[in-house]
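Here is a brief report on one protein chain. It covers fold, confidence and surface.

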Amino acid sequence: MLHLLYILAFTILALIAVSNLIRNLIMFSFERDRTFAAPRSPVQNRGNLPYISNRSVPHPELLDAAGNPIGEPLLVMRSIDVEDARAQLDALYEASPGCSSESKEEEA
C-alpha cells in the first residue's frame, strides 16, 4: 500500500513539474515577442541604472581619432611566402632586447 502512495505522489509531482515547464516555455515565448521601451534619457534613469541609455556607444577601437565610426575593415590579411615570414620573424627576434650575440653564434 505504501508503494502505491509513493507512486501516486511522484506521479503528481512529475505532472506538476511538466505543466510548469510547459507554462514557462509558453510565457518565455510571449515575452520574447514583446518589445520594451527604452528609457527616454539617461537623466531619468540615473538613480537606477546609469549605464543604460537609448543610444548605443560603439567600442573605442571602432572609432577614428576624431571619434567618428570607421567604415573600413579592421583586419586585412595578405598571403606571404614562408621564407618572407621567416625573414620577418628573424628580423624581429634579432631586434629584440633579449637577443644577444651568443645566441647568434650558436645558430651559425
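Along the sequence, the protein chain of this predicted model reads α-α-α. It has three helices and zero strands; helices (H or I, at least four residues) and strands (E, at least two) are DSSP runs, numbered from the N terminus. Residues are numbered from 1 along each chain as its sequence is written. Local features need pLDDT of at least 70, side-chain atom pairs count only at pLDDT 80 or more, totals for chains, interfaces and linings use all residues, and side-chain values use heavy atoms, without hydrogens and water.

Confidence comes next. pLDDT is the predictor's confidence in each residue, from 0 to 100.

| Helix | Residues | Mean pLDDT |
|---|---|---|
| H1 (highest) | residues 2–33 | 93 |
| H3 (lowest) | residues 101–107 | 57 |

Over residues 49–54 the pLDDT is below 50. That stretch has seven contacts (heavy atoms within 4.5 Å) beyond near neighbours in sequence. Where pLDDT is low, predicted coordinates should not be read in detail. The chain average is 78, and 72% of the residues score at least 70.

UniProt, in an unreviewed entry, lists residues 6–26 as "transmembrane region"; such annotations may be inferred rather than shown by experiment. Those residues 6–26 are 100% helix and 0% strand, with end C-alpha atoms 30 Å apart.

Now the surface. Ile-16 lies in helix H1. Ile-16 counts as partly exposed because its relative accessibility is 43%.

Technical notes:
Buried < 20%, exposed > 50% of the residue type's maximum accessible area, 1.4 Å probe, protein only.
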